[in-house]
Amino acid sequence: MISSNSSGTVLVNRIQERKNVMDMPTFDELKDLAQRDPERFEIVRAALISECIRQSAARNQQRLRGLQFVIDARRRIAGSPMKALLDLQTLMYDSLLALQQALVDQQPRAVAATARVLPFRRSASFSDD
């Protein structure tokens with residue numbers, strides 16, 4: 001745990017030097033920093049996100065950077081943290097629905113069984129007599 005008088009420099013240094021996920025700041029450390037020094041928290045948040053993207057597979061990095069750009073833009077224009085939360089929740093929900101639809105579209109569709117009904121003529125031996 002970092003001391004409460006730290007300005008977040010320790011967290012930024014730990015992020016830049018970390019070798020594994022165990023070095024990641026705890027939730028309480030991040031919460032404390034966000035309350036004490038919101039500007040420094042944003043620096044730490046950005047560093048954590050950049051590090052996460054950097055450690056992802058190369059084939060995913062451009063898409064992740066694009067997604068983070070959209071998230072950051074929506075947060076900036078939201079006007080309040082609650083509005084940003086709701087906007088990002090909608091973004092995730094829409095993405096989930098699109099994924100669900102893509103999965104449904106890939107499933108083989110049952111072919112509707114169609115048949116032609118043939119009329120049968122009654123033969124003389126089966127008359128209604």
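The structure is a predicted model, in which local features need pLDDT of at least 70 and side-chain atom pairs count only at pLDDT 80 or more, while totals for chains, interfaces and linings use all residues. Residues are numbered from 1 along each chain as its sequence is written, and side-chain values use heavy atoms, with hydrogens and water left out.

The chain holds 5 helices and 0 strands, where helices (H or I, at least four residues) and strands (E, at least two) are DSSP runs numbered from the N terminus. Along the sequence this gives the pattern α-α-α-α-α. Of the 129 residues, 19% are buried; here buried means under 20% relative accessible area, exposed means over 50%, and partly exposed lies in between (1.4 Å probe, protein chains only). The accessible surface of the chain is about 10900 Å², and carbon and sulfur atoms contribute 59% of that area. Accessible areas come from the Shrake-Rupley method with a 1.4 Å probe, and for residues only the protein chains shown count as cover. Among contacts (heavy atoms within 4.5 Å) with a separation of 6 or more, 43% join residues 24 or more positions apart.

The buried residues of H3 are Arg40, Val44, Arg45, Leu48, Glu51 and Ile53.

Charged residues come next. The whole structure contains 6 salt bridges, each being a side-chain nitrogen of Lys or Arg within 4 Å of a carboxyl oxygen of Asp or Glu. One of them links Arg54 and Glu51 at 2.7 Å, N to O. Both residues lie in H3, 3 residues apart, about one turn of the helix. Glu51 counts as buried because its relative accessibility is 10%, whereas Arg54 is exposed because its relative accessible area is 52%. The side chains of Glu51 and Arg54 also make a polar contact at 2.7 Å, a term for a pair of N or O atoms within 3.5 Å; within protein, one must be able to donate a hydrogen and the other to accept it, and residues adjacent in sequence count only if both atoms are side-chain atoms.

Glu42 is partly exposed, with a relative accessible area of 30%.

Asp87 and Lys83 form a salt bridge at 2.7 Å, N to O, and lie 4 residues apart in H5, about one turn of the helix. Asp87 is buried at 18% relative accessibility, while Lys83 is partly exposed at 39%. Elsewhere, salt bridges that share partners join Glu42, Arg45, Asp72 and Arg75 into one network.

Finally, Tyr93, Leu96, Leu97, Leu99 and Leu103 make a nonpolar surface patch of about 500 Å². Patches consist of residues with over 30% relative accessible area and no salt bridge, with like charges joined within 9 Å and nonpolar side chains (Val, Leu, Ile, Met, Phe, Trp, Tyr) within 5 Å.
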